[in-house]
Amino acid sequence: MIQQLKTGVRKAQRAADNAQIRATVEAIIADIEARGDEAVREYAAKFDKFEPKSFRLTQDEIDACIASLSRQALEDIKFAQAQIRRFAQIQKATLRDVEIETLPGVVLGHRNIPVNSVGCYIPGGKYPLIASAHMSVLTAKVAGVKRIVACAPPQNGKPSAEIVAAMHLAGADEIYCLGGVQAVAAMAIGTDSIAAVDMIVGPGNAFVAEAKRQLFGRVGIDLLAGPTETMVICDDTVDAELVAVDLMGQAEHGPTSPAYCITTSKKIAAELPAATETVLARLESAPTARTAWEDYGEIILCDTDEEALAEAERLCSEHVQVMTKDPDWYLARMTRYGALFLGQRTNVAYGDKVIGTNHTLPTQGAGRYTGGLWVGKFIKTHTYQRVLTNEASAAIGEVCDRLCRLEHLPGHAEQAAIRVRRFGGSNAAGQAA
């Protein structure tokens, strides 16, 4: 039996919140489309209190940001980027161009071609999310993207040195200190100072996610990522404190970040509320994490792993940490999630920051139909065909002619029929008549 011991109290509020967000974002995008850089400047001043001469950083400004960091900070950034680069390279190696002769004289194939230009959004308003630069810029670089534009909002009235360093070391071609909807819209639409890109990637708050949704089609996007969601599936092999740490550690992202505990342990279900209070008492981010837990946190007690699996699939969380006696049981059966973190020795923070897998992941149920950001998101697979002989063209043409006529498309049929007449075939004489 599945028991909902704690549920979020503000789920119903989301629809109203989302409607207001949609309207706000739509107005900003329309304004930037109409007034370009002028509108971008006004929104940067309004939302970020930031009015530089130029949003694009010069090489001297980039070098100054890098020089301001400690050697340890730079070494740690480089270590994380080495892990992410290596895994992205391994993933890219799985993507192969193909060409095969499917019938005598008929050759089909595909080529994997990187997107020409990408805009990478790196969140940084509340926290300097350095890792998002690795995940988007570096992965695009490995994919072979020719032009990579990176935007992040200012912190305390100036560019975040840590984010700028990570952008540069990851390989960004253009770096802008610009945040929010105005950054996403400027990259997608293009202004006098920022040339438009072909694709926008990266996580962000609800407004950034909505901007990507509204601009999709005009540009490509990776996925709609945000707010952060986390889930822990656990049994008696762990304790309530570890579960609480892993839930509150992600709830600090924002006050609307869901945190789910699905457990087959009555002990953990009973002890978790007190354990979260103990953990929150030692976190500086407690006000944010507490609000997220109170408003969007859930504790679900299940009798069996099968019930726990069903609940996990229903909720389709971005991050799913499995701390049970047999985590691989869930790995073999789960189909709806962003990323899995298997066993007590790993956790979502490892994936977020350093271990090598990408942290830009599907949220709000999008794990039902897409995975997270990876090198393949920046690569388009384009097919091609060639027909080598007259006989092959005529043979395909005869069948194509008949199929087109079944669909009452005479123009399509004639494209096939003319080749049958010219290149030969059993019905060539009849077609010519």
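View 1. At 53% relative accessibility, glutamine 364 counts as exposed, where buried means under 20% relative accessible area, exposed over 50% and partly exposed in between (1.4 Å probe, protein chains only). The model is a predicted one, in which local features need pLDDT of at least 70 and side-chain atom pairs count only at pLDDT 80 or more, while totals for chains, interfaces and linings use all residues. Residues are numbered from 1 along each chain as its sequence is written, and side-chain values use heavy atoms, with hydrogens and water left out. Glutamine 364 lies in the loop between helix H14 (348-353) and strand E14 (379-387); helices (H or I, at least four residues) and strands (E, at least two) are DSSP runs, numbered from the N terminus. Not counting residues up to four places away in sequence, glutamine 364 touches Gly226, Pro227 and Glu229, contact meaning heavy atoms within 4.5 Å. The C-alpha atoms of glutamine 364 and glycine 226 are separated by 7.7 Å, although these residues are 138 residues apart along the chain.

**View 2. The annotated positions Glu318 and His319.** An unreviewed UniProt entry places the feature "active site" at Glu318 and His319; UniProt positions are given in the numbering used here, feature names are shortened, and annotations may be inferred rather than shown by experiment. From this set, His319 belongs to the lining of the second largest cavity. A cavity is a set of points, on a 1 Å grid over the protein atoms alone, where a 1.4 Å probe fits but cannot get out, and lining residues have an atom within 4 Å of a point. Glutamate 318 is found in the loop between helix H12 (305-315) and strand E12 (319-323) and is buried, with a relative accessible area of 5%. Leaving aside neighbours within four places in sequence, its contacts include Pro227, Tyr337, His359 and Thr363. Histidine 319 is in strand E12 and is buried at a relative accessible area of 2%. Among the residues that histidine 319 touches, not counting those up to four places away in sequence, are Thr228, Gln250, Phe341 and Asp352.

View 3. Rings of Phe, Tyr and Trp (its six-membered ring) pair if their centres lie within 6.5 Å; planes under 30 degrees apart count as stacked, over 60 as edge-to-face and the rest as tilted. By this rule there are 3 aromatic pairs. One of them, tyrosine 43 with phenylalanine 47, is stacked, at 5.9 Å centre to centre and 5° between the planes. These two residues are separated by about one helical turn because they are 4 residues apart in helix H2 (residues 37-48). Tyrosine 43 is buried, with a relative accessible area of 13%, whereas phenylalanine 47 is partly exposed at 43%. The rings of tryptophan 329 and tyrosine 330 have their centres 4.9 Å apart and their planes at 75°, so this pair is edge-to-face. Tryptophan 329 and tyrosine 330 are both buried. The charged end of lysine 6 sits over the ring of tryptophan 293, 4.9 Å from its centre; this requires NZ of Lys or CZ of Arg within 6 Å of the ring centre and within 35 degrees of the ring normal.

**View 4. The largest nonpolar core.** A nonpolar core is a set of buried Ala, Val, Leu, Ile, Met, Phe, Trp, Tyr and Cys residues joined through side-chain atoms within 4.5 Å. The largest has 71 residues, and those touching the most other members are Ile29, Val118, Ile122, Val137, Met167, Leu178 and Phe378. Helix H7 (residues 180-189) gives the most to this core, with 8 residues.

Methods: 1 Å grid on protein atoms, 1.4 Å probe; cavity = no way out; pocket = protein on both sides within 12 Å on 5 of 7 lines; lining within 4 Å.
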